[in-house]
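I opened this entry to keep track of what I looked up, one topic at a time. The entries follow the order in which I went through the chains.

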2 protein chains.
Amino acid sequence: MQPRPHTDREYEGELLRLREQILLMGAEVEAMIAESIRSLLERSSDMARAVIARDERVDRLELQNDALCLSLLARRQPVASDLRFITTVLRIARDLERVGDQAVNIAERVIELNAEPPLKAYVDLPHMAGETQAMLREALDALVSSDDIRAKGLINRDDHIDALYDRVNRVLLTYMMEDPKNIFRATRLQSIAHNLERISDHATNIAEMVVFYVNGTDIRHGRMQDEQNEQG
Amino acid sequence: MQPRPHTDREYEGELLRLREQILLMGAEVEAMIAESIRSLLERSSDMARAVIARDERVDRLELQNDALCLSLLARRQPVASDLRFITTVLRIARDLERVGDQAVNIAERVIELNAEPPLKAYVDLPHMAGETQAMLREALDALVSSDDIRAKGLINRDDHIDALYDRVNRVLLTYMMEDPKNIFRATRLQSIAHNLERISDHATNIAEMVVFYVNGTDIRHGRMQDEQNEQG
């Protein structure tokens, strides 16, 4: 019976590493969102360029994550909860990689904006960014603590972010109507708001996948659930 | 020896079903892109609403796809090429689901545009949409025919779409500067162009994953490849 517990400990160790890796990737993209918005507020193109450079690290983390997932699937042939966890992490990494791309998009818009005089105070944008980051962090916390209640609590939270997004868009349209000189800058800010809105969509997706991983029920796409259960 | 070939045939049948399912999902989102752009050109809000309604079917196809992938992983415990194929399909389905969401976004913008008088002829947008759809179709063809050469050929093709995107954006900025009455409609069209550009990103991702599936080399994120190979 000696080798068996040893192997299990190794396996547990690998699953733990997978957990750590996905958290690290999450922390990295969270920091990228925060820095991209800080570069907007502080009008720092250097900071924006640092965000763009950082994306390479996220890409590398995704490759490492995928390699570990595939290796675990091939060698450990997991079932049930472990299988759901590994395949969930495999998909969540795709969402995180895209979130990184979105932070890069924001940073690119910031560099364009910094070539122009400042427009106005961006009241709702930092608020939107803060909420979006918090959602993402909580979704990943729910993943590593296998907390489906917490994940479920996140699922409708992007309604609030959507409302902020609508308001930002309305205000920016007004600026554009007021003065054609505002147009270019306002479209850049619209693009930043759009990227934040997409990030909150990804956070919602992640939360939905966490619920699936924890209790094996797919709550994505709302009412299709019952149909799926019938097939299952 | 009799049961074994039978099992293999069953397994082959399941893999074939997975192939068919992902192609079906691809065909569905391709049609959604085509219809969303047709609804723009023909100013048909009914057609746009039909695109929005169709997204439910894509969501259902994703759930079916995920269920089959997980079931295959749990029961067949695949390795090597089969394992790469199944996990690739699992991730590609996420990309396709997001492409469906982007077609829905386009349709929503079309409905907003139809409440206003037409702006101008949309020369580059249908062109962009056609190229994007073609890229997506070829990436999925490359997947089901395990054709890495074809997939590689797609990887830099989104440069052309990016160039079209820049031109569309420049033209729309000019419209906005010319007349503030154009602003609202031009921002809607910018959003449509942005969605098409994101779709071409997804098609590139899919092509990269196909190369990985076929020859086991991860070419995503360019130069990180060698590093990964060192890690083995």
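**Entry 1. What I am looking at**

I am working from a predicted model. I started with chain A and counted its elements: there are eight helices and zero strands. Read in order along the sequence, chain A gives α-α-α-α-α-α-α-α. I took the box around its C-alpha atoms along the principal axes and got roughly 75 × 40 × 20 Å. Chain A has 232 residues, and 56% of them count as buried. I also looked at how far apart in sequence the contacting residues are. Among contacts in chain A between residues at least 6 apart, 83% join residues at least 24 apart.

A:Glu56 sits in helix 2 of chain A and is partly exposed, at 24% relative accessible area. I checked A:Glu56 against A:Gly100, which is 44 residues away along the chain, and found 9.4 Å between the two C-alpha atoms.

**Entry 2. The interface**

How much area do chain B and chain A bury between them? I noted about 4600 Å², with 57% of it on carbon and sulfur atoms. B:Leu63, B:Arg94 and B:Arg98 supply 14% of the area that chain B buries against chain A, more than any other three residues. The contact takes 48 residues from chain B and 48 residues from chain A.

I then counted the polar side of this interface. There are six residue pairs in polar contact between chain B and chain A, both residues being at pLDDT 80 or more. On the chain B side, helix 2 (45-76), helix 3 (80-114), helix 6, helix 7 (183-215) and helix 8 (224-231) each supply at least two residues that touch chain A. Helix 7 of chain B gives the largest share of that side, 12 residues.

**Entry 3. Salt bridges across the interface**

I found four salt bridges across the interface of chain B and chain A. One of them that I wrote down joins B:Asp66 to A:Arg91, with the closest N and O atoms 2.7 Å apart.

I also wrote down the salt bridge of A:Arg94 with B:Asp95, where the closest N and O atoms are 3.1 Å apart. This pair crosses between chains, from helix 3 (residues 80-114) of chain A to helix 3 of chain B. Are its two partners buried or exposed? A:Arg94 is buried, at 4% relative accessible area, and B:Asp95 is buried too, at 1%.

**Entry 4. Salt bridges within chain A**

The total over all chains is 46 salt bridges. I looked up A:Asp46 and A:Arg49, which form a salt bridge with their closest N and O atoms 2.9 Å apart. Both lie in helix 2 (residues 45-76) of chain A, three residues apart, about one turn of the helix. A:Asp46 is exposed, with a relative accessible area of 56%, while A:Arg49 is partly exposed at 45%.

The side chains of A:Asp141 and A:Arg150 also meet in a salt bridge, 3.6 Å from N to O.

**Entry 5. The nonpolar core**

Which residues touch the most other members of the largest nonpolar core? They are A:Leu125 and B:Leu125, in a core of 144 residues. I listed the contacts of B:Leu125, leaving out residues up to four places away in sequence: B:Leu40, B:Val168, B:Leu189, B:Ile192, B:Ala193 and B:Leu196. As background, nonpolar side chains tend to be buried together in soluble globular proteins.

I finished with B:Asp158, which is in helix 6 (residues 158-178) of chain B. B:Asp158 is buried yet has no salt bridge. How far away is the nearest side chain of opposite charge? That side chain belongs to A:Arg98, and it is 8.5 Å away. Leaving out residues up to four places away in sequence, B:Asp158 touches B:Met135, B:Ser200, B:Asp201 and B:Thr204.

Definitions and conventions:
Residues numbered from 1 in each chain as written. Chains lettered and ligands numbered in written order. Predicted model: local features only at pLDDT ≥ 70, side-chain atom pairs only at ≥ 80, totals over all residues. Heavy atoms only, no water. Helix = DSSP H or I, 4+ residues; strand = E, 2+ residues; numbered from the N terminus. Buried < 20%, exposed > 50% of the residue type's maximum accessible area, 1.4 Å probe, protein only. Lys, Arg positive; Asp, Glu negative; His and termini not counted. Contact = heavy atoms within 4.5 Å. Core = buried A, V, L, I, M, F, W, Y, C linked by side-chain atoms within 4.5 Å. Buried area = accessible area lost by both parts, 1.4 Å probe. Polar contact = N/O pair within 3.5 Å; in protein donor to acceptor, adjacent residues only side chain to side chain.
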